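My notes are below, in the order I looked things up.

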Amino acid sequence: MITEDRWNHILGVARQAARLAEKFFSADANKKQEMFLLGMLHDVGYEFAVEKRQHAALGGELLRRTGYGCWREVYEHGNPDVSEMSDELFLLNCADMTVGPKGEMMTMEERLQEVGERFGRESDACKKMARMRERLTEDARFGLLFDEGL
Ligand SMILES: [Fe+2]
């Protein structure tokens, strides 16, 4: 079920994804709108997921069935071990890592801390997020988005 908090997170991620797209795609208005849409759709699977870990695959499958072009990005979001990250997936993951569970903006460090507090430092969710942070910050594209560092 998509809760009110989750809904605020979704909207926050959509706006952050659009902001990052503006930087990354040199103010291409279409890309900005498309990244907003991807952000709006990225957690749709929560509406039908029984367990948290199912939501990306569920949402991705739903979007694939209905013909949405970026279904793979939704399917793979939050997975730090994915073999390749398209620009869209990279931006989406960056946005997801800088927006909190209620839609508040935060640094990746704060986000990691927050997840550690909620699920425990040794939880799979926290370890997965730490790996994601490492993967994103090591990527050459990271510097284009967060020139002031994060
Ligand atoms: Fe998600």
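I started with helix H5, residues 87-96, and found it mostly covered, with nine of its 10 residues buried. This is a predicted model, so I am reading computed positions throughout.

I listed the buried ones next: Glu 88, Leu 89, Phe 90, Leu 91, Leu 92, Asn 93, Cys 94, Ala 95 and Asp 96.

Then I asked which helices the buried residues of H5 pack against. I got helix H1 (4-24), helix H2 (29-41), helix H4 (71-76), helix H7 (124-138) and helix H8 (142-145).

**The core**

I looked up the largest nonpolar core and counted 30 residues in it. Ala 17, Leu 20, Ala 21, Leu 91, Cys 94 and Ala 95 have the most contacts inside it. I see at least two residues of this core coming from each of H1, H2, helix H3 (55-65), H4, H5 and H7. H1 gives the most, with eight residues.

Setting aside neighbours within four places in sequence, I find Cys 94 in contact with Leu 20, Leu 136 and Leu 145.

**Asp 87**

I also checked Asp 87, which lies in helix H5. Why does Asp 87 count as partly exposed? I find 15 C-beta neighbours inside 10 Å of Asp 87, and because being buried takes 20 or more while exposed means 12 or fewer, that count falls in between.

Last, I took a distance: Asp 87 and Arg 141 are 54 residues apart in sequence, and their C-alpha atoms are 8.4 Å apart in space.

How values were computed
Residues are numbered from 1 along each chain as its sequence is written. This is a predicted model: local features need pLDDT of at least 70, side-chain atom pairs count only at pLDDT 80 or more; totals for chains, interfaces and linings use all residues. Helices (H or I, at least four residues) and strands (E, at least two) are DSSP runs, numbered from the N terminus. Two residues are in contact if their C-beta atoms, placed from the backbone, lie within 7 Å. A nonpolar core is a set of buried Ala, Val, Leu, Ile, Met, Phe, Trp, Tyr and Cys residues joined through C-beta atoms within 7 Å.
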